[in-house]
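I opened the notebook to look up two residues and their surroundings.

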Amino acid sequence: MSYQAQQCRINRLTSSEPNQRVECEGGLIELWDETEEQFQCSGIHAMRVTVQHNSLSLPNFHPFPRLVYIERGEGILGVTFPGCPETYDSSGRQEEGIRGDEQREFGHQKDLHQKVHRFTRGDIIAIPPGAVHWCYNDGNEEVVTVIVNDLNNPSNQLDQTFRSFYLAGGVERSSEQRGKHTQQQFNNILRPFDPELLSEAFDVPEDLVRKMQQTENRGLIVRVDKGEMRILSPGSEQDYDDERRRKYVGLDVNGLEETICTMRLRHNLDNRREADVYSRHGGRLNIVNEHKLPILRHLDMSVEKGNMFPNTIYSPHWAVNSHSVVYVTRGEAHVQVVGNNGQSVMDDRVNEGEMFVIPQYFTVSVKAGSNGFEYVSFKTTSSPMKSPMVGYTSVLRAMPVQVLTNAYQISPSEAHQLKYNREHQTFFLPSRGGKSRRF
């Protein structure tokens, strides 16, 4: 029996909020308890990160794929892939808030780097395992992100423990966990190295290496000194360096040039025009899978965002090929989940800011509250499939009437009602009490 199968003996599912806090100079990291039974079953680790204005989330990497949902704010993201060319040139840029002598130094030095991505509210961002990434908030409000890591992904050849490898910063003090203190393993990986060895490796003075190894108790998110960062990003005065990119077209850089190096990393979930399911009185569903965002094929993950109108019912259904990790972004709902033994494992009301897991093949139904319900659901496959029990694509409608009459000991007319009473609807079912109010 696999590790994952051993962990899916679910007796009870509950919605929960983060139970650990790591406070940093420029923001906050909140973590859900990865030892909870539902997270052990799904192999998922979840966290919520808040980055303050003019603050930088320091460069780090991890051995598993990650999906990042931008709940609030905007900023820029850098993702560095091994072997990919530097296609952006920020050399000679004028920096505000920097003294004249330092301005001249910035202006005359070369600064080539890999592509930088601009993100905004509603974006989903895919970060492959092993890719070093950083985030900078250049907006006017806090950036709040919800992050899901797939620890069970085959790319992670370590154990199913959450790990992040930081190239700067660190957390030396304990974090807070429901009134208790726990030690977090977030430290600068350069710190233990011999400074003399690194000095020789980088061909820089040893004093510079010692600065790289310092943490200064600033944490993993730091405030930016000397004014705001001005980094070349799409939409700024100097766009993508086409000439430099053409230099590399046709080259097979470690087999990545035409795949990882040039793939889109983000897609917006709030685009109404891209809704995959839409009901005038029920709501809309936006799905981002490997077809909309091809890089997800390499991560074997996907995501959907549901916007349910008040009192709408999400048809009872089960996921054929994935676990689902659901984060509530707005409103409330009544959620029921039933396991394979026919017993209820969840029958609760969930609220904004909470998260819960729906294991593969467990049947779930959701009824939105009086103010509607919005959620983001992360999937552990790049091409998710659902099997609904109600509507024009339901399993019951696909069965002959006589199968239903004998299975449930009902009349043919009652079987006909089961098959066709919702024949023009699917997934989001309006309340029988009347039309739901749109929002």
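**Entry one.** I began with Ile 221, which lies in strand β16, residues 221–223. I note that the model is a predicted one.

I asked: is Ile 221 buried or exposed? I found 0% relative accessibility for Ile 221. Buried means under 20%, so Ile 221 counts as buried.

Next I listed what Ile 221 touches, leaving out residues up to four places away in sequence. I read off Cys 24, Glu 25, Gly 26, Gly 27, Leu 28 and Ile 29. I also read off Val 49, Thr 50 and Val 51, then Ser 55, Leu 56 and Ser 57.

Ile 221 and Leu 28 are 193 residues apart along the chain. I get 7.6 Å between their C-alpha atoms.

**Entry two.** I moved to Ser 315. I found Ser 315 in strand β21, which covers residues 313–319.

Ser 315 has a relative accessible area of 0%, so I logged Ser 315 as buried.

Which residues does Ser 315 contact, beyond its neighbours within four places in sequence? I noted Val 364, then Pro 388, Met 389 and Val 390. Phe 427 and Leu 429 are also in contact with Ser 315.

**Entry three.** I turned to the chain as a whole. I logged nine helices and 27 strands.

The chain has 439 residues, and 49% of them are buried.

Last, I checked the surface. The chain exposes about 21,800 Å². Carbon and sulfur atoms supply 46% of that area.

Terms used. Residues are numbered from 1 along each chain as its sequence is written. This is a predicted model: local features need pLDDT of at least 70, side-chain atom pairs count only at pLDDT 80 or more; totals for chains, interfaces and linings use all residues. Side-chain values use heavy atoms; hydrogens and water are left out. Helices (H or I, at least four residues) and strands (E, at least two) are DSSP runs, numbered from the N terminus. Buried means under 20% relative accessible area, exposed over 50%, partly exposed in between (1.4 Å probe, protein chains only). Contact means heavy atoms within 4.5 Å. Accessible areas come from the Shrake-Rupley method with a 1.4 Å probe; for residues, only the protein chains shown count as cover.
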